[in-house]
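Please look over the sequence and the structure below.

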Amino acid sequence: MDPHLLRTFVAVLDQRSFSGAAAALGYTQSAVSQHIAALETDLGTRLVERRPVAPTPAGARLLEHAPALLLRLDAARADIARLHHAHPARLTLACSPAALGPAVAQALAGLRSATHALDLEVRVLGRGAVIADVLTGRADIGLVDGAAAPNDPLPMPDLGPATTLAAAEETLTVLFPGGHPLARRRTVRLTDLAHAQWIDAPDTAVPLERLRAVCRADGFRPRIRHRGTDLHGLAALAAAGHGLAALPLPVAAALPGVAAVPVAEPRLVHRTELVHPANPTAPARQLAGLITGRAAADA
């Protein structure tokens, strides 16, 4: 399967437009049409309905595979490039919002003290974007967070030859408005809140689909959707009564207008994991050691 054709296919369905895909990819609309036709010929089935533009059942199935396939191809290219284009005094850290806490900031300070003239960049992104940036070489190291049973790893996509390390486990809490009847409780059970109203904030709070999975329960339906990486904006929505959200205690306790109540059942923690390529740069290896508490040489 030609990856160029596959990339065009994804762009057409992302844009819901042949002309929009052409503009995004820098092709002519005719070239985009030819790419889709060639891919359909290769697979022996129609993949895209033309008017309106939408996936056929076969196209919808292919769309489940395509992003991961393209990401792995980009990751392979970046992995080879790293062998020949290392930057020993440059580090780009990508992290999800709740993963960037005081411990990480202190580790970065320690790295800057130990590395002369370090060119440091920190990017706060959604979880999927963090992983994509690390695998494709746009970031040297990443931090992602989520809910898990104590000492269990987070569910991750196929990362190929990448390394994941446990970085931290914190108390998982639920954000309530200050005046909520449960705001003064010592603990709460997530299953009791399955049918409460929630904020769908997959790039900042624990995603609702993850809460459904760990609680093995329906519910956790959104009253409002929050897109982006602004923790204070999420807190403002929760404080105004738009819904609940799940965050780690150190992050939640610093947010204004909300009460953070620890989760007692099921037994869950907020876990942060570090991701870096199999052949990390020296600054990435040092930072991994500082964050995880391991000797840098063992990271």
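## Cores, a buried glutamate and confidence

In this predicted model, the largest nonpolar core consists of 22 residues. Within this core, the residues with the most contacts are Val174, Phe176, Leu190, Trp198, Leu211 and Phe220. At least two residues of the core come from each of strand E6, helix H7 and strand E11. Helix H7 gives the most, with four residues. Apart from this core lies another one, of 19 residues, and Leu6, Val32, Ile36 and Leu62 are among them.

The elements named for the largest core span these residues:

| Element | Residues |
|---|---|
| Strand E6 | 162–177 |
| Helix H7 | 208–215 |
| Strand E11 | 258–265 |

Phe176 also has contacts beyond its neighbours within four places in sequence, including Leu182, Val188, Leu244 and Val261.

Glu273 belongs to strand E12, which covers residues 269–277. Is Glu273 buried or exposed? Glu273 is buried, because its relative accessibility is 3% and the cut-off for buried is under 20%. Its side chain comes to 2.8 Å from the backbone nitrogen of Leu154. Neighbours within four places in sequence aside, Glu273 is in contact with residues including Gly142, Asp152, Leu154, Met156 and Thr164.

As for confidence, the average pLDDT of the protein is 90, and 96% of the residues score at least 70. Residues 295–299 have a pLDDT below 50. In the model, this stretch has eight contacts beyond near neighbours in sequence.

Key
Residues numbered from 1 in each chain as written. Predicted model: local features only at pLDDT ≥ 70, side-chain atom pairs only at ≥ 80, totals over all residues. Heavy atoms only, no water. Buried < 20%, exposed > 50% of the residue type's maximum accessible area, 1.4 Å probe, protein only. Polar contact = N/O pair within 3.5 Å; in protein donor to acceptor, adjacent residues only side chain to side chain. Contact = heavy atoms within 4.5 Å. Core = buried A, V, L, I, M, F, W, Y, C linked by side-chain atoms within 4.5 Å. pLDDT = per-residue confidence, 0-100.
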